[in-house]
Protein chains: 2
Amino acid sequence: MLHAFAAPTFFMLRLQPTFPCSNKPTCSRGKGNSNSAHATMVHGKEDIEVAAKKMPYQHLNMESARNIDGVYDSFGGKLSHDGRVLKQNFAIRSYELGPDGKASLGSLMKRLQETSVQHCKSVGIFSSGFGSTPEMDKRGLVWVTRKLQIDVENYPTWDDVIQIDTWTCASGDNGWFRDWVFRDYRTGGNSDSSKWSLCVMNIQTRRSFQFLPEIRDEMECLLKVTDPVIDITKINCEQLDVNTKNHVRTGLSPAWTDLDVNRHVKNVKYLDWVLESIPLSVLKNHQVSSIVLEFRKECRMDDMLQSLSSAARTLGQSTSNEEIEFDHLLRLEDGSAILRGKSVVEAEVS
Amino acid sequence: MLHAFAAPTFFMLRLQPTFPCSNKPTCSRGKGNSNSAHATMVHGKEDIEVAAKKMPYQHLNMESARNIDGVYDSFGGKLSHDGRVLKQNFAIRSYELGPDGKASLGSLMKRLQETSVQHCKSVGIFSSGFGSTPEMDKRGLVWVTRKLQIDVENYPTWDDVIQIDTWTCASGDNGWFRDWVFRDYRTGGNSDSSKWSLCVMNIQTRRSFQFLPEIRDEMECLLKVTDPVIDITKINCEQLDVNTKNHVRTGLSPAWTDLDVNRHVKNVKYLDWVLESIPLSVLKNHQVSSIVLEFRKECRMDDMLQSLSSAARTLGQSTSNEEIEFDHLLRLEDGSAILRGKSVVEAEVS
């Protein structure tokens, strides 16, 4: 099925929800139980040295050379775990708030993208196309999103600073995941999480592409070997029954400003389109606590799209704990699917 | 005419293009020539002390109390000129780039908004509604944009850090301006600039509102008294002749995620709509070097809009220096104007 994907440009890998924070380290070098869902295994120092020899582009700049009186460095993040994890802080800005006064889901999603690129740059394998390595760049290859899941328990608000920890690992012959955990920087509070699955696509032919050993070797310095705590490839979005659909938003079309540097529609635009099919009456007093998007096909500048959603299940009876599950379908007017998705919205605590 | 405005939420004041940088100070305390277009006059220390006594909410926190190991502080900006100027740095993120690989105009515009709010917060008069002071908040008042102009010579790209300097001053009985200069933080290079004109609106009635002395006093700590080097109130957008319009984009409508915390359509959404009427063939190899937007009326969630533009004038013959001026009109389907605008686009140097 991988060859069917040609979705918006993005980067890598899968989330391990029990990511080690400074208080509760769960990640230990060269140790791990591959049968335990919560066990992790990271490369030992020897592995890193071997990998480093293979990689002419790698510069593990643990102390960033980009520091300009501390300010610039704080914008670029910090490597840890031998360069396999990037930690980056972001302030929530006024323009990112939605009508509920909280950061929008889209604004959080954008930050995940940025940390992926910063991670590649920090370890010295950044080339062009935002996430493409030099070996990928030679071949005109870019990352595309195959699937993503974002779970948010607490949305930050203006002037909050969030810390994002991110790492990456390979999956099968053709896939990569990127995992993120984000938390309140000041309190180190409860973390939210995101998992992202990607494959490589040739930008000229817009077709997915098998991984070459040269690219695998080049990315070795990023790789954090972990068992899949949650295997995103096994999460499938239900097929929405278009005949019983509850909500539909038609006449959607990308603008020039919705395109990224690879001239693909930005990921966050797809998210916005999906959210537009949730009824306003629900959006006004609910927030998205979880969303999964599964990309099937890329849309082009002059395509006209429809966003459909169907309330699949309602959990809870009172306003305070009401949860609604939605199935989503974004499709071209001819009926072909751009993406399938599912989301859970829950009543906001006022 | 002020009472006709009820546009998106925003903040304050006018730009003085010759803003003092560290190399060329043009701003001096208690000194100024009100007849000279380039002279500036700033309150002396005595004025500040008098003003401070009037303001129970004011805390001139020149050394921010928000500092958490340097990171958080760098996100919040720094006051200078007795608190009348805020300097704030921002990194350009991957998600802010357009298809030309440069930061979009919208992403720069958003940063201007953020510095306004940070300025109010830094001097201790931040309340709610993002820019509303406590006295405004008591009365249910918010800032609305009346007019704005942004001039950009050089668009930054990914990982660039821009420094924005911003200050504010009053204009007439009912208006305020906010001025910004943004420049490359690393090189201190050529600065671009923006001017923003605002008035106060009652959020319940959605009507503009006369300034009360209590609000004026409260804002005194922010005020930088300068002559209007460029008086934005005198810049008028041409009336676009809808019969000879060249380009039109119909079926535009705000989504829930386009609303800000005051439930107004975000400023940047208006900008996006305006840009959507510029032909794709032009957008593909030109960049906006200047834009003026003049807000007439607010649009609501269920409004359907049209964005019209007309190429008013073309300057230059060769591709390398070609400049095109556009007149813009954003209107409801019943024909009533939401905003008028004009822009200059110039051929991008490849």
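Student: How many salt bridges are counted between chain B and chain A?

Tutor: Side chains of opposite charge can pair when their charged atoms come close. A salt bridge is taken as a side-chain nitrogen of Lys or Arg within 4 Å of a carboxyl oxygen of Asp or Glu. Between chain B and chain A the count is four. This is a predicted model, in which local features need pLDDT of at least 70 and side-chain atom pairs count only at pLDDT 80 or more, while totals for chains, interfaces and linings use all residues. Residues are numbered from 1 along each chain as its sequence is written, chains are lettered from A and ligands numbered from 1 in the order in which they are written, and side-chain values use heavy atoms, with hydrogens and water left out.

Student: Which side chains meet in a salt bridge at 3.2 Å, N to O?

Tutor: Those of A:Glu114 and B:Arg93.

Student: How many residues of each chain are in contact?

Tutor: Contact means heavy atoms within 4.5 Å. By that criterion, 51 residues of chain B touch 51 residues of chain A. Buried area is the accessible area (1.4 Å probe) that two parts lose on being put together, summed over both. Here the two chains bury about 4900 Å², with 61% of it on carbon and sulfur atoms.

Student: What relation superposes chain B on chain A?

Tutor: Copies are superposed by least squares on the C-alpha atoms of residues with pLDDT of at least 70 in both. A rotation of 180° with 0.0 Å of shift along its axis brings chain B onto chain A, at an RMSD of 0.0 Å. That is the relation of a two-fold axis. The same surface serves both copies, as 100% of the contact residues of chain B recur in chain A.

Student: What is the average pLDDT of chain A?

Tutor: pLDDT is the predictor's confidence in each residue, from 0 to 100. Chain A averages 74, and 72% of the residues score at least 70. Over residues 1-68 of chain A the pLDDT is below 50, although this stretch has 205 contacts in the model beyond near neighbours in sequence. Where pLDDT is low, the predicted coordinates should not be read in detail.
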